[in-house]
Protein chains: 2
Amino acid sequence: MAEVQELRYEGKAKRVYATADPGVFEVEYKDDATAFNGQKRGHIAGKGVVNNRMSNRLFRLLEQHGVPTHFIEELSERRTRVRALTMLPVEIVVRNRIAGSLASRLGLPEGTPLAQPLVEWYYKNDALGDPLVSRAHAEVLGWVSPQEAAEVERLALAVNHVLREFLAQQGVELVDFKLEFGRDSAGRLYVADEISPDTCRFWDVATGEKLDKDRFRRDLGGVEEAYAEIWKRVERGLAP
Amino acid sequence: MAEVQELRYEGKAKRVYATADPGVFEVEYKDDATAFNGQKRGHIAGKGVVNNRMSNRLFRLLEQHGVPTHFIEELSERRTRVRALTMLPVEIVVRNRIAGSLASRLGLPEGTPLAQPLVEWYYKNDALGDPLVSRAHAEVLGWVSPQEAAEVERLALAVNHVLREFLAQQGVELVDFKLEFGRDSAGRLYVADEISPDTCRFWDVATGEKLDKDRFRRDLGGVEEAYAEIWKRVERGLAP
């Protein structure tokens, strides 16, 4: 890059830069990893490359299925142009099986299949530990309009449907994942942030092996190998 | 009582006994008080009498407005006959202003009015600390059918409407309250448990003074006096 870019936001795993076009941001993916709301910190070599490339491939797949995403153009192995959006202050989690925080919160065995996908709303606030809320909280507190809330859930379930089917063809079960949404100046909603082993649980269908950040969270070893493996499967399944 | 009754359940504030009629339980209200999921324990003299009488009066008021409740007949100042129900494993909280756990959970100032009543779902499980969930969790995990979930929310909002209006006439603002629901053998839903200063936040409209268990939780003093005062207002407003 010749020009000096203004850093708009630096998160745990990404930096976001402004560009000359006010409608466009550039995202840069880092190898830094955190877990448990920043209590655990580490580094996963090559993670930024996997997460950038995988997110972009999956965003394109979603666009092909009618789901609007913030993806514009991949610039390099770690850099991508995306729509500049006003982010909703929520994280949406879609679950197909009980795992992670839902298992501990409700005292239910990890791996229990759900009769239908479960959509969860979290308040995006690091200082408060991103607490679970509900669609009703988001509406009553004015974070989203009722129309936006319905659209968020519709899009989240559509993403689940598309990704679950695609990943099953690659021998991977989509256990759960987190989405973030933003709105453009016209009020249209887009899936934003990333879709990667940092934000999804991927279980190998044949072996049950975890191919995601739980290997880092739970000190299971083979972290880099898992990221490489899931990227290999996604890349194989989606022509560039 | 001449007969020896089978104790079916003993909670923090009540005992529930089986009776000769399988469709009827007897509830006995105690003066024991706990807060913060049992971490704080104490005794509020006369609380059981206030909670029994107030719950019964308010249940009758709700019945007059078409809300089914478990109330059958007051037997004494601490004892009441109620329908024997299968309880739903949830606690429903309706909020008109931000207070208590919602304030701390979301980092919002206590007392902030809500644009519309907020219905919250909690998983009733002492060992897990009665965690917040959502209507979606209750449906997907099979605790309630989608029809029951809708009916629970409809009844909770109806209770809020009736109680809020009645209490306003007594100079009391209904800030929030907890409900529990049970179903009979035909699947009909009823408001159960109690409606009392243990389960509601009552604020004096003129002074803002708390007339509820927050005086115990927060060591504000005047606990017994507050229970007596709110009971006086409810009794005055509702002919026996």
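1. Leaving aside its neighbours within four places in sequence, which residues is V94(B) in contact with? Counting contact as heavy atoms within 4.5 Å, the partners of V94(B) are P117(B), L118(B), V119(B), A156(B), N160(B), V175(B), D176(B) and F177(B). V94(B) belongs to strand β9 of chain B, residues 90-97. With a relative accessible area of 0%, V94(B) is buried; the classes are buried under 20%, exposed over 50% and partly exposed in between, using a 1.4 Å probe and protein chains only.

2. A word on the ground rules. This is a predicted model, in which local features need pLDDT of at least 70 and side-chain atom pairs count only at pLDDT 80 or more, while totals for chains, interfaces and linings use all residues. Residues are numbered from 1 along each chain as its sequence is written, chains are lettered from A and ligands numbered from 1 in the order in which they are written, and side-chain values use heavy atoms, with hydrogens and water left out.

3. How the chains relate. Back at V94(B), its C-alpha is separated by 13 Å from that of S134(B), 40 residues apart along the chain.

4. Helices α1 and α6 in chain B. Helix α1(B), residues 47-64, packs on helix α6(B), residues 223-237, at an angle of about 25° with the axes 10 Å apart. Axes are lines fitted to C-alpha atoms, for helices over the stretch in contact, and angles between N-to-C directions run from 0 to 180 degrees. The two helices are therefore roughly parallel (under 35 degrees is roughly parallel, over 145 roughly antiparallel, 65 to 115 roughly perpendicular and the rest oblique). The crossing is left-handed, meaning that the near helix is turned anticlockwise from the far one by less than a right angle, with clockwise giving right-handed.

5. The residues in that contact. From α1(B) come K47(B), V50(B), N51(B), R53(B), M54(B), R57(B) and L58(B), and they meet Y227(B), I230(B), W231(B), V234(B) and E235(B) of α6(B). Sorted by class, there are seven nonpolar, one polar and four charged residues. Nonpolar covers Ala, Val, Leu, Ile, Met, Phe, Trp, Tyr, Cys and Pro, charged covers Asp, Glu, Lys and Arg, and the others, Gly among them, are polar.

6. What does α1(B) do with helix α4(B), residues 146-169? Their axes lie 10 Å apart at an angle of about 115°, and α1(B) passes α4(B) in a right-handed crossing. L58(B), L61(B) and L62(B) of α1(B) make the contact with V159(B), V162(B), L163(B) and F166(B) of α4(B). This contact has seven nonpolar residues, no polar and no charged ones.

7. Two backbone spots to look at. F36(A) has a positive phi near 55° although not a glycine; it sits in the loop between β4 (32-35) and β5 (40-43) of chain A and is partly exposed at 45% relative accessibility. D193(B), also not a glycine, has a positive phi near 60°. D193(B) lies in the loop between β12 (189-192) and β13 (200-204) of chain B and is buried at 14%.

8. K210(B), in the loop between β13 and α5 (214-217) of chain B, is buried with a relative accessible area of 16%. Not counting residues up to four places away in sequence, K210(B) touches E110(B), F202(B), W203(B), R215(B), R218(B), L220(B) and A226(B). G107(B), in the loop between α2 (100-106) and β10 (113-123) of chain B, is exposed at 52%.

Definitions and conventions:
Helices (H or I, at least four residues) and strands (E, at least two) are DSSP runs, numbered from the N terminus.
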